[in-house]
Amino acid sequence: MRINSHLQNRGTDSLSLLPSIAFAEGISDLVYLRKTRRQKTMVTNMGLREAEQYTDSLSTLHFHITRRCSCNCKHCSVDAGPHRSDGHLRLDEIKRMVDQAADLGTVYFDISGGDPLTLERRFLLEVIQYASRKDLSACISTNGRELNEDYAEQLGEAGLQKLKLSLYGSMAETHDAFTTVPGSFERVLNGIRVSKHAGMEVWVNTIVTPRNLRELQGLPALLEPLDVDLVQLSSIVPSGRGMRASDFIFSEDALGEAIGVLQEKLSGLDHAFTITLFPDPSNLPFDGRHCDYFYDRLVVDHKGDVIPCCLLPENLKHVLGNIREGLPEVYSACRIEKDGIFSWLGRGHGAMREKLGYDRVSHNLCSTCIDMLYRITNVGNAMPPNDSQ
């Protein structure tokens, strides 16, 4: 599968994928599919009162199953780590959520954390097996430290389709400095090997910073022999510990230069840029709809709370409801209309820009989204949009 690192500009009336961003057909994280005309109208005009659910279907359920992680990465946007012991949903609660997500048309079930592999093995395997029986394509994001050949085989047999493993450099010293755990570099490389041997699709997630830019240029030599399916590149988001990682962040000009360098150096490696590394920020896609949170993708945290986006700072993570109430009841038009964060994200970045007269552009679209949400909702005290204003 060949992943394009950038595309020719396309008209907004096209049914094609998002222009000027890396994508591969079938990859839910990077694909921006046109919805039906009725769904688009519902979101653009917030004409939701006649709809029982927000949209006709939900493409992806993103489940932060735990906040525990065996690493303690300096830039972690959800502030996960070994010290976290916040618990998690019961197995029967997760199964009920999966049932309801399947009824809503969900295709992808992305499980992250924290690190899901820190959970009890039998518990996680049963979650994967159940999702697979419901025809959901399950994916796990992990640092790879808990993976061995036996566990990888069990995950594959349970029905896991994809593993995303975090790698922050092409040398142990650099990667381990990010994770703060000695030996984590060798563990993630071993995790890649055993996952590929077990027949699963393997992505590598990395971040682009002044501290590892030079080493990222050497990823083809490291990863091509391991037959990695995709390298996904992003930038640090100002949430969680990322808010305190200013020395990991490029200036705007330097970030643009870094993207250009990586597009050249990684040309032989299947790779993709996320919306935190948007190659051309002046080319705003789809009338300002920059991402599919929460329009096509719903985020549920370890407590079962439905939140607008996992990358937002805590005071912007408004809770729409809890899955114990029932996913269809929570993911409803009336609740979304009444919550400022959800309703503004439903309208998209273009609507926020127009409301604020906001003209800042950035390669890191998540940072501008967060900035606009703070401004438009008075630091999280969100008021729903008012079309009469």
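This is a predicted model: local features need pLDDT of at least 70, side-chain atom pairs count only at pLDDT 80 or more; totals for chains, interfaces and linings use all residues.
Tutor: The axes of α12 and helix α14 (residues 365-376) come within 11 Å and cross at roughly 130°. Residues are numbered from 1 along each chain as its sequence is written, and side-chain values use heavy atoms, without hydrogens and water.

Student: How are the axes and helices defined?

Tutor: Axes are lines fitted to C-alpha atoms, for helices over the stretch in contact, with angles from 0 to 180 degrees between N-to-C directions. Helices (H or I, at least four residues) and strands (E, at least two) are DSSP runs, numbered from the N terminus.

Student: Which residues of α12 and α14 meet?

Tutor: Ile-341, Trp-344 and Leu-345 of α12 meet Cys-369, Leu-373 and Ile-376 of α14; contact here means heavy atoms within 4.5 Å.

Student: Is α12 buried or exposed?

Tutor: Eight of the eight residues of α12 (residues 340-347) are buried, so the helix is largely enclosed by the rest of the structure. Buried means under 20% relative accessible area, exposed over 50%, partly exposed in between (1.4 Å probe, protein chains only). Among the buried residues are Phe-342 and Arg-347.

Student: What sits at the ends of α12?

Tutor: Asp-339 caps the N-terminal end, with a side-chain oxygen 3.0 Å from the backbone nitrogen of Ile-341. After α12 comes Gly-348, with a positive phi near 105°.

Student: Changing topic, what is the strand order in the sheet?

Tutor: The open sheet of ten strands runs β7-β6-β5-β4-β3-β2-β1-β8-β9-β10, with mixed pairing. β7 (271-273) and β10 (321-322) are at the edges with a single partner strand each, so one side of each has no neighbour in the sheet. Two strands pair if DSSP finds at least two bridges between them.

Student: In which sense do β3 and β4 pair, parallel or antiparallel?

Tutor: Strand β3 (residues 137-142) and strand β4 (residues 162-166) pair in the parallel sense over four bridges. Thr-142 is opposite Leu-165 in β4.

Student: And where is His-175?

Tutor: His-175 is in helix α5 (residues 172-179), and it is buried, with a relative accessible area of 2%. Its side chain reaches the backbone nitrogen of Tyr-168 at 3.0 Å. Leaving aside neighbours within four places in sequence, its contacts include Ser-166, Phe-185 and Val-188.

Key:
A polar contact is a pair of N or O atoms within 3.5 Å; within protein, one must be able to donate a hydrogen and the other to accept it, and residues adjacent in sequence count only if both atoms are side-chain atoms.
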